[in-house]
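These are my notebook entries on one structure. I set down what I looked up, in the order in which I looked.

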Amino acid sequence: MWRWIRRLLLLLFVLLVAGGVAMVRLDRPAAEVEKRWGGPPSKFVEVDGMRVHVRDRGAGPALVLLHGSNSSLFTWEGWARELAGERRVIAMDLPGHGFTGPDPRDRYATRDMADFVDRVVAALGVDRFSLAGNSMGGHIAAAYALAHPDKVERLILVDAAGLPREEPPPFVFQLASWPIAGRLFGILTPRFIVAANVRAVYGEPAKVTDELIDRYYDLLLREGNRRATRIRLSRTDELDASRLRDLKMPVLILWGERDRWILPKYGERYRDAIPGARLVVFPGLGHVPMEEDPVATAAAVRDFLGR
């Protein structure tokens with residue numbers, strides 16, 4: 001009997017090892033990922049030793065866009081189509097994301113990211129602009145506006161992170177931040193996990209296409225990005241909500257009604273903390289409303305910027 005138990009345990013061990021090996025995904029070379037998803041209007045600017053991926057379109061007053069965690073500038077493509085006819089729309093891949101890849105000095109705190117944004121806009125010759133950010137990018141945008149109120153004409157927070165949470169973060173973020181699991185995350189990243197999380201940030205998961213999942217997946221596997229994710233998520237970083245009252249520029253807050261990652265109540269808290277802020281909630285949309293429905297969300301932005 002014990003012989004059969006040992007054989008069964010050995011078989012289970014072999015199956016577990018085989019399953020783990022099957023999920024191993026090596027980093028993909030930057031050039032390979034850029035070849036698949038790059039091309040015009042993508043370009044690169046040198047900033048502080050980094051080759052920063054930006055898309056800079058249109059003319060007129062500038063609107064700078066900051067994406068969320070494990071996303072990229074491609075999340076703003078819909079807004080660029082809707083708004084570049086009347087504004088200069090600038091999107092960038094933040095450090096540890098997209099084509100930009102990791103910061104060689106591992107600077108991923110919100111303050112570091114805000115400093116990075118300041119260096120990028122300076123390199124592009126932009127000294128005053130409206131600023132929008134989604135999720136992590138919203139946290140960075142708020143921090144940037146507090147640090148550089150003279151440069152930000154108007155601020156747009158889209159399902160923004162940064163406020164103290166009463167709920168735990170999404171499980172995938174918890175997993176990546178754990179010491180051992182986070183290191184495994186750097187090599188064990190099956191596509192189905194990415195697919196599940198992309199669908200989770202949409203109010204209507206059926207809108208998520210295979211091509212969209214492939215892009216998120218390839219950009220995550222771009223060399224260095226998973227390691228950067230682990231380092232970034234291992235450091236907690238929140239806004240001092242009491243400082244939000246110091247924001248004097250006009251502020252628009254956009255939120256997806258079905259956001260399960262950062263609940264709509266945090267949109268209300270941002271609105272209540274920022275004098276004069278306006279909150280617009282979009283029925284049926286999730287955590288990335290500007291990606292899920294760029295037409296409706298950009299219309300609210302156009303109205304706000306045109307006032």
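Which residues does leucine 155 touch, not counting residues up to four places away in sequence? I found that leucine 155 touches Leu131, Ala141, Ala142, Ala145, Leu247, Met249, Pro250, Val251, Leu252 and Phe304; contact means heavy atoms within 4.5 Å.

**Entry 1: the model**

I note that this is a predicted model, in which local features need pLDDT of at least 70 and side-chain atom pairs count only at pLDDT 80 or more, while totals for chains, interfaces and linings use all residues. Residues are numbered from 1 along each chain as its sequence is written, and side-chain values use heavy atoms, with hydrogens and water left out.

**Entry 2: nonpolar cores**

I looked up the largest nonpolar core, which has 50 residues; Met92, Leu155 and Tyr270 touch the most other members. Helix H5 (residues 136-147) gives the most to this core, namely eight residues. Another core lies apart from it and has 46 residues, including Leu65, Ala91, Leu221 and Leu254.

For the terms, a nonpolar core is a set of buried Ala, Val, Leu, Ile, Met, Phe, Trp, Tyr and Cys residues joined through side-chain atoms within 4.5 Å. Buried means under 20% relative accessible area, exposed over 50%, and partly exposed in between (1.4 Å probe, protein chains only). Helices (H or I, at least four residues) and strands (E, at least two) are DSSP runs, numbered from the N terminus.

**Entry 3: cavities**

Rolling a probe the size of a water molecule over the atoms shows where empty space is left. On a 1 Å grid over the protein atoms alone, a cavity is a set of points where a 1.4 Å probe fits but cannot get out, and a pocket is an open set with protein on both sides within 12 Å along at least five of seven lines; lining residues have an atom within 4 Å of a point. Grid points are joined across faces, edges and corners, and a volume is the space filled by probe spheres set on the points.

How many cavities of 30 Å³ or more are there? I recorded two. The largest cavity has a volume of about 370 Å³. It is lined by 24 residues, of which Ser69, Asn70, Phe173, Asn197 and Trp261 are the closest to its centre. H8 (191-200) is one of the helices that each supply at least two residues of this lining, and H8 has the largest share, four residues. By class, I recorded 13 nonpolar, 11 polar and no charged residues. Here Ala, Val, Leu, Ile, Met, Phe, Trp, Tyr, Cys and Pro count as nonpolar, Asp, Glu, Lys and Arg as charged, and the others, Gly among them, as polar.

The second largest cavity has a volume of about 100 Å³. Of its 14 lining residues, Asn70, Ser71, Tyr216, Leu219 and Leu220 are the closest to the centre. H9 gives the most to this lining, with four residues. The lining divides into three nonpolar, nine polar and two charged residues.

**Entry 4: the largest pocket**

I looked up the largest pocket and found about 760 Å³ of space in it. Its lining has 31 residues, and the closest to the centre are Ala161, Phe173, Leu233, Arg235 and Asp237. H4, H5, H6, H10 and H11 each supply at least two residues of the lining. The classes are 16 nonpolar, 10 polar and five charged.

**Entry 5: helix H4**

H4 has 14 residues and reaches 20 Å from its first C-alpha to its last, close to the 20 Å expected at 1.5 Å a residue. The expected span is 1.5 Å times one less than the number of residues. Among the buried residues of H4 are Met113, Phe116 and Val120. Just after H4, glycine 125 takes a positive phi of about 75 degrees.

**Entry 6: the backbone**

Most residues other than glycine have a negative phi, and most peptide bonds are trans. Where is asparagine 70 placed? I found asparagine 70 in the loop between strand S3 (62-66) and helix H3 (77-83); its phi is positive, near 60 degrees. Aspartate 48, in the loop between S1 and S2, also has a positive phi, near 50 degrees. Asparagine 70 is partly exposed at 22% relative accessibility, and aspartate 48 is partly exposed at 38%. A cis peptide bond joins proline 40 and proline 41, with omega about 5 degrees.
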